[in-house]
Amino acid sequence: MRPYILAETNWKALKDESIELAVLPWGATEAHNYHLPYGTDVFEADAIAAASGKIAWEAGAKVMILPTIPFGVNTGQADIYLDINLNPSTQLAILKDIVAVLHRQGIPKLLILNSHGGNDFKTMLREIGLIYPDMFFSTCNWFQAMDKTEYFDEMGDHADEMETSLIQYLHPSLVLPLEEAGEGREKKSKISGLREGWAWSERKWSMVTQDTGIGNPKCSTPEKGERFLRDVSQKLGQLLIEIASVDIQNRYE
């Protein structure tokens, strides 16, 4: 039993505990090229949340890792078979219910550990923050926490070398041989502002990529995944420690 994992701990351990920070991993269920499982984002969220939670807990931080929510915003993938979508309004409703529990029980801080590029919790937390001004809300994208060029040869953002290497390390039995993977080629928008990144429009996934991947996974190895997991978990563990210890009313220098 890991005492910082809510799904594993028990009432005997928690009834006299005082948790300072709840961490909510949030993933998605969607196709990841031909070679990775639909649960890739969930597996990554589980592993990174647990590893960073261990670091924080062993440093004395009172953190609790909540169960990963397995469905995310997949509105741009409506025609990809069995990609499961939660609308942002549904996510907001779920968040409100979870935060109400935390507030009622005196847990003052929440971090959403996001594991899916289609999720965006900033505006939701702004709205919830007005309802609970005595709480502290934050969100982070673990996949943006590190300089990927220091770990991987090919860049991408979906079923790419990074994600493939992570799942090769975490769940090798769920990864098909790389010769069965697509190359993850991405078609670029004809609109210059979208290509340059200062304008935004949701990507229509079946128009952008043939194999549902974006980024070539062919150079992936489990060793790369292990190294990246170790370093990103260390960085996130420090984030948990700092959030858990900060005085909400005196948090700026």
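1. Start with helix α3, residues 88-104. This helix gives the largest share of the lining of the second largest pocket, namely three residues. Keep in mind that the model is a predicted one.

2. Stay with that pocket. The second largest pocket has a volume of about 350 Å³. Its lining counts 16 residues. Look for Leu-14, Ile-19, Leu-102, Gln-105 and Ile-107, which lie nearest the centre of the pocket. Sorted by class, the lining of the second largest pocket holds 11 nonpolar residues, three polar ones and two charged ones.

3. Next, helix α2. This helix has 19 residues. From its first C-alpha to its last, α2 reaches 27 Å. That is close to the 27 Å expected at 1.5 Å a residue. Just after α2 comes Gly-60, with a positive phi of about 100°.

4. Now check Asn-33. You will find Asn-33 in the loop between β1 (21-26) and α2 (40-58). The phi of Asn-33 is near 55°, which is a positive value in a residue other than glycine. Is Asn-33 buried or exposed? Asn-33 counts as buried, because its relative accessible area is 6% and the cut-off for buried is under 20%.

5. Thr-212 is another residue to check. Its place is in the loop between α7 (205-208) and α8 (222-245). Thr-212 has a phi near 75°, again a positive value in a residue other than glycine. Thr-212 has a relative accessibility of 12%, so it counts as buried.

6. Pro-177 sits in the loop between α5 (161-170) and α6 (192-196). How does this residue stand towards the surface? With a relative accessible area of 38%, Pro-177 is partly exposed. Now pair Pro-177 with Asn-216. The two are 39 residues apart along the chain, and their C-alpha atoms are separated by 14 Å.

7. Last, the cysteines. A disulfide is a covalent bond between the sulfur atoms of two cysteines. How many disulfides does the structure hold? The count is zero. Two cysteines can still be described by their accessibility. Cys-140 has a relative accessible area of 13%, so Cys-140 is buried. Cys-219 has a relative accessible area of 34%, so Cys-219 is partly exposed.

Definitions and conventions
Residues are numbered from 1 along each chain as its sequence is written. This is a predicted model: local features need pLDDT of at least 70, side-chain atom pairs count only at pLDDT 80 or more; totals for chains, interfaces and linings use all residues. Side-chain values use heavy atoms; hydrogens and water are left out. Helices (H or I, at least four residues) and strands (E, at least two) are DSSP runs, numbered from the N terminus. Buried means under 20% relative accessible area, exposed over 50%, partly exposed in between (1.4 Å probe, protein chains only). The expected span of a helix is 1.5 Å times one less than its number of residues. A disulfide is a pair of cysteine sulfur atoms within 2.5 Å. On a 1 Å grid over the protein atoms alone, a cavity is a set of points where a 1.4 Å probe fits but cannot get out, and a pocket is an open set with protein on both sides within 12 Å along at least five of seven lines; lining residues have an atom within 4 Å of a point. Grid points are joined across faces, edges and corners, and a volume is the space filled by probe spheres set on the points. Ala, Val, Leu, Ile, Met, Phe, Trp, Tyr, Cys and Pro count as nonpolar, Asp, Glu, Lys and Arg as charged, and the others, Gly among them, as polar.
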